[in-house]
Amino acid sequence: NSKEKMERTYNYPVLDWITLTTRICRLLVLLLALAVESMAARDCSRERPIAFVDVSLIRPETDQTLPGQTIVVRCDRIEAVGPSNEVRRPHGSMVIDGRGLFLSPGLVDAHVHLEEDRSDLALWLAWGVTTIRSMDGSPTHLTWRDHVKAGEWDGPTIYTSGPILYG
């Protein structure tokens with residue numbers, strides 16, 4: 001059999017054309033999604049940066065809390081993190097006094113089932129969840145995602161699938 005001969009010769013399994021085509025299609029869909037996301041990114045050059053000053057920063061990856069930190073955020077990106085006496089605050093930034101307060105990275109809930117009532121969206125933020133992935137999407141959820149992204153509604157960043165397929 002020629003397939004077995006190729007597997008022995010190259011020492012790796014030969015992909016059939018269906019598997020290869022499926023992988024290429026998945027890669028193209030991913031690249032398209034990334035391109036659309038980057039085109040939809042808003043212009044942050046005019047947004048006022050926010051500086052959280054003298055806050056205690058919770059670092060989940062090290063299981064530490066670092067007191068006296070400054071975190072500078074512009075648009076949806078963290079620009080600087082470090083001891084308050086070392087981090088330069090951008091001119092004109094909004095300063096939030098963090099003495100006695102804690103700041104942690106936003107949490108991600110990667111398995112949610114959104115209902116048809118958007119009242120829970122603000123609750124996710126209250127719980128510290130800044131990103132959700134809905135496992136049973138609907139056109140309504142796409143509308144919610146767009147309103148949140150445009151800053152019209154308070155809520156986490158929403159990634160959603162299509163409807164559940166049973167069978």
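Biologist: How many salt bridges does the structure hold?

Modeller: The model is predicted, so local features need pLDDT of at least 70 and side-chain atom pairs count only at pLDDT 80 or more, while totals for chains, interfaces and linings use all residues. Residues are numbered from 1 along each chain as its sequence is written, and side-chain values use heavy atoms, with hydrogens and water left out. A salt bridge requires a side-chain nitrogen of Lys or Arg within 4 Å of a carboxyl oxygen of Asp or Glu. By that criterion, the number of salt bridges in the structure is four.

Biologist: Which residue forms a salt bridge with Asp97?

Modeller: Asp97 is partly exposed at 40% relative accessibility, where buried means under 20% relative accessible area, exposed over 50% and partly exposed in between (1.4 Å probe, protein chains only). The closest N and O atoms of the pair are 2.5 Å apart, and the partner is Arg99.

Biologist: What is the N to O distance in the salt bridge of Arg74 and Glu79?

Modeller: Arg74 counts as partly exposed at 25% relative accessibility. Glu79 is also partly exposed, its relative accessible area being 44%. Their side chains meet in a salt bridge with an N to O distance of 2.6 Å.

Biologist: How far apart are the closest N and O atoms of Asp146 and Arg145?

Modeller: Asp146 is partly exposed, at 42% relative accessibility, and Arg145 is partly exposed with a relative accessible area of 31%. The two residues form a salt bridge, and the separation of their closest N and O atoms is 3.2 Å.
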